[in-house]
Amino acid sequence: MMMHIAPLTTPIGILYIGTTDKAVVLCDWASRRNNRQFIQRVSARLGLKTTEGETPLTDLVKSQLHEYFSGSRQTFDLPLHFSGTPFQESVWHAIAMIPYGTTVSYSDISRRIGRPGAVRAVANAIGANRLSVILPCHRVTAVSSLGGYAGGTSVKRALLDLEI
């Protein structure tokens, strides 16, 4: 099975979209440090070979992302494939429930998944999110700051500003 990688230029940077014939497996910022290695790790974890190109699903992902960046879409309706530890997946499902235009803290997420003492582990799971924007990890902030973001804090700030 193949993961098809295609770039998408957005108003705030380039996203790499990775799809199979059945699901979105990657949506990640080109500005992520070590982006190529990250894509290779995703491919290896999923047992997929990687190629440049698009699937019919790529068009749907790009269309919904264009709608999001234009302000006409607040949620995504896409077949997603998660592949992480049970803990990571619990964090990613909690992130998926954060409403548009809202922020929560890392500790809020740790409480929501029933692991109030696991704030650092939550932050690490969020950092491993390979479906940026679609799984809105940009909506998770530190108590006294913006917190980190794979695409960089300027991208995180732009996404949050877009949702105001």
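Me: What covers the buried residues of α2 in this model?
Reply: Happy to walk through it, and please keep in mind that this is a predicted model. Helix α2 takes in residues 56-70, and Leu 57, Val 61, Leu 65 and Phe 69 are among its buried residues. The cover over them includes β1 (2-10), β2 (13-19), β3 (24-29) and α6 (153-162).

Me: Which exposed residues does the face of α2 turned away from its buried side carry?
Reply: Good one to look at in the structure. Leu 57 and Phe 69 belong to the buried set of α2. The opposite face, turned away from that buried side, carries the exposed residues Pro 56 and Ser 70.

Me: How far apart are the end C-alpha atoms of helix α2?
Reply: Helix α2 has 15 residues, and at 1.5 Å a residue it should span 21 Å.

Me: Is Thr 58 buried or exposed?
Reply: Thr 58 has its place in helix α2, and it touches Ala 6, Ile 17 and Thr 19, leaving aside residues up to four places away in sequence. Its relative accessible area is 0%, and buried means under 20%, so Thr 58 is buried.

Me: Which residues line the largest cavity?
Reply: The structure holds 1 cavity of 30 Å³ or more, and about 40 Å³ of space lies in the largest cavity. By class, its lining has 4 nonpolar, 2 polar and 1 charged residues. By name, the lining is His 81, Phe 82, Trp 92, Asn 129, Arg 130, Leu 131 and Leu 135.

Me: Which residues of the lining lie nearest the centre of the largest pocket?
Reply: The largest pocket has a volume of about 210 Å³. Its lining divides into 12 nonpolar, 2 polar and 2 charged residues. Of the 16 residues that line this pocket, those nearest its centre are Thr 75, Phe 76, Ala 96, Ile 134 and Pro 136.

Conventions: Residues numbered from 1 in each chain as written. Predicted model: local features only at pLDDT ≥ 70, side-chain atom pairs only at ≥ 80, totals over all residues. Heavy atoms only, no water. 1 Å grid on protein atoms, 1.4 Å probe; cavity = no way out; pocket = protein on both sides within 12 Å on 5 of 7 lines; lining within 4 Å. Points joined across faces, edges and corners; volume = space filled by probe spheres on them. Nonpolar A, V, L, I, M, F, W, Y, C, P; charged D, E, K, R; others polar. Helix = DSSP H or I, 4+ residues; strand = E, 2+ residues; numbered from the N terminus. Expected span 1.5 Å × (residues − 1). Buried < 20%, exposed > 50% of the residue type's maximum accessible area, 1.4 Å probe, protein only. Contact = heavy atoms within 4.5 Å.
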